[in-house]
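Reader: Could you walk me through this structure with me asking as we go? I would like to begin with how the chains meet and then turn to the folds.

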Protein chains: 2
Amino acid sequence: MRVLGVDPGLTRCGVGVVEGVAGRPLTMVGVGVVRTPADAELGHRLVAIERGIEAWLDEHRPEFVAVERVFSQHNVRTVMGTAQASAVAMLCAARRGIPVALHTPSEVKAAVTGSGRADKAQVGAMVTRLLRLAAPPKPADAADALALAICHIWRAPAQNRLQQAVAQHTARARTPSKGRTA
Amino acid sequence: MRVLGVDPGLTRCGVGVVEGVAGRPLTMVGVGVVRTPADAELGHRLVAIERGIEAWLDEHRPEFVAVERVFSQHNVRTVMGTAQASAVAMLCAARRGIPVALHTPSEVKAAVTGSGRADKAQVGAMVTRLLRLAAPPKPADAADALALAICHIWRAPAQNRLQQAVAQHTARARTPSKGRTA
């Protein structure tokens with residue numbers, strides 16, 4: 001599966017595409033940062049993020065988009081911008097019918113380092129190792145986006161089993177009404 | 001001027017269009033609510049809000065969009081949804097080149113009731129009076145959207161004078177370089 005990870009932010013929105021399946025070596029397809037000027041109007045910044053995300057979706061055609069789930073424990077101002085940038089990323093994916101998954105920062109850290117409380121350097125080091133890169137991706141937002149994509153690929157088997165179970169249950173629940181209309 | 005006010009929210013996004021100028025009776029052009037189901041996926045809810053806002057922009061062609069500035073004093077979960085819905089509204093407007101203004105809840109309350117700490121009922125009553133409506137618009141989100149539009153129209157003269165001053169200053173600052181290139 002090919003996953004676009006998005007570490008949302010107004011000033012720096014990290015984006016990274018990873019391809020692979022759980023249990024096999026993963027491949028980095030692309031990594032980068034969508035930047036918007038801090039002195040631009042908020043509406044224009046959101047338009048710039050939309051254009052950036054659209055360009056990544058056009059170029060890499062991911063099957064899934066994994067976005068960091070925003071919490072408000074952090075700085076108030078930053079959190080609002082993060083929530084707004086994440087909304088644009090989710091909107092772009094959902095508009096194309098691409099499934100969007102949200103993962104918390106601690107889920108991502110735990111997935112790639114084994115600890116939900118790992119620091120940026122540790123996440124960067126593991127992303128570098130797991131994707132067999134020559135050096136840690138810079139800035140940290142880019143590395144975090146790749147970590148999100150890796151987290152999604154590794155968590156997907158469990159989530160897929162759950163979705164299949166729900167789909168089967170729904171299909172079974174619908175069978176009697178099909179019988180009635182036949 | 002014609003202003004679309006948006007009271008952002010994922011479950012109920014209030015929208016109201018008001019036409020007029022400061023110091024003259026105002027006219028309500030339209031009012032409504034864009035709703036999305038609470039059990040839908042977040043990405044799909046944002047797409048539904050985008051469609052709703054686009055429909056209002058298409059139908060009423062406002063010259064300005066006024067959106068409530070989101071604060072995080074409230075409930076954490078609600079604030080994230082509000083920030084995300086507001087991002088979609090700002091994005092839709094900015095994409096069309098429509099200027100977006102943000103007003104805080106207390107600015108809006110102070111504009112229409114004279115008190116920044118007025119309650120919902122007071123805001124509803126004043127919106128009804130100022131727009132000469134038969135009854136307060138329901139739900140409160142719809143009334144709040146109209147209040148935002150009224151607030152913008154009334155605050156606009158001061159903001160316009162400021163913008164004109166900035167524009168004149170910028171034009172003056174550019175004059176010498178024009179001289180050099182001539």
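This is a predicted model: local features need pLDDT of at least 70, side-chain atom pairs count only at pLDDT 80 or more; totals for chains, interfaces and linings use all residues.

Reader: Fine. How many residues of chain A are in contact with chain B?

Author: On chain A there are 23 residues in contact, and they meet 23 residues of chain B.

Reader: And what area is buried between the two, and what do carbon and sulfur atoms give?

Author: The area buried between chain A and chain B is about 1800 Å², and carbon and sulfur atoms give 76% of that area.

Reader: What about charges, then: how many salt bridges are there between chain A and chain B?

Author: The count between the two chains is 2 salt bridges. One of them joins the side chains of B:R95 and A:E50, with 2.5 Å from N to O. For polar contacts, the rule finds 4 residue pairs across the interface of chain A and chain B, where both residues have pLDDT 80 or more.

Reader: Which elements give two or more residues to the side of chain A that touches chain B?

Author: Those elements of chain A are α1 (42-60), α2 (76-95) and β5 (100-103). Of these, α2(A) gives the most to that side, with 12 residues. By residue class, the side of chain A that touches chain B divides into 16 nonpolar, 5 polar and 2 charged residues.

Reader: In which sense do β1 and β4 of chain A pair?

Author: Strand β1 (residues 2-7) and strand β4 (residues 64-68) of chain A pair in the parallel sense, over 4 bridges. Within that pairing, A:L4 has A:V65 of β4(A) as its bridge partner.

Reader: Now chain B, please. What order do its strands take?

Author: In chain B, 5 strands form an open sheet in the order β3-β2-β1-β4-β5, and the pairing is mixed. The edge strands of this sheet are β3 (27-35) and β5 (100-103) of chain B, each of which pairs on one side only. Neighbouring strands are turned against each other by 20 degrees on average, with direction ignored.

Reader: How many bridges are there between β1 and β4 of chain B, and where does α1 lie?

Author: Strands β1 (residues 2-7) and β4 (residues 64-68) of chain B pair in the parallel sense over 4 bridges, and the bridge partner of B:V3 in β4(B) is B:F64. Helix α1 (residues 42-60) of chain B lies across β1, β2 (12-19), β3 and β4 of chain B, running at about 165 degrees to β3(B).

Reader: What of the bond from B:K138 to B:P139?

Author: The bond from B:K138 to B:P139 is cis, with omega near -5 degrees, and B:P139 lies in the loop between α4 (120-130) and α5 (140-181) of chain B.

Reader: Last one: what is the phi of A:R61, and where is it?

Author: Although A:R61 is not a glycine, its phi is positive, at about 45 degrees. The place of A:R61 is in the loop between α1 and β4 of chain A.

Note on methods:
Residues are numbered from 1 along each chain as its sequence is written. Chains are lettered from A and ligands numbered from 1 in the order in which they are written. Side-chain values use heavy atoms; hydrogens and water are left out. Contact means heavy atoms within 4.5 Å. Buried area is the accessible area (1.4 Å probe) that two parts lose on being put together, summed over both. A salt bridge is a side-chain nitrogen of Lys or Arg within 4 Å of a carboxyl oxygen of Asp or Glu. A polar contact is a pair of N or O atoms within 3.5 Å; within protein, one must be able to donate a hydrogen and the other to accept it, and residues adjacent in sequence count only if both atoms are side-chain atoms. Ala, Val, Leu, Ile, Met, Phe, Trp, Tyr, Cys and Pro count as nonpolar, Asp, Glu, Lys and Arg as charged, and the others, Gly among them, as polar. Two strands pair if DSSP finds at least two bridges between them. Axes are lines fitted to C-alpha atoms, for helices over the stretch in contact, and angles run from 0 to 180 degrees between N-to-C directions.
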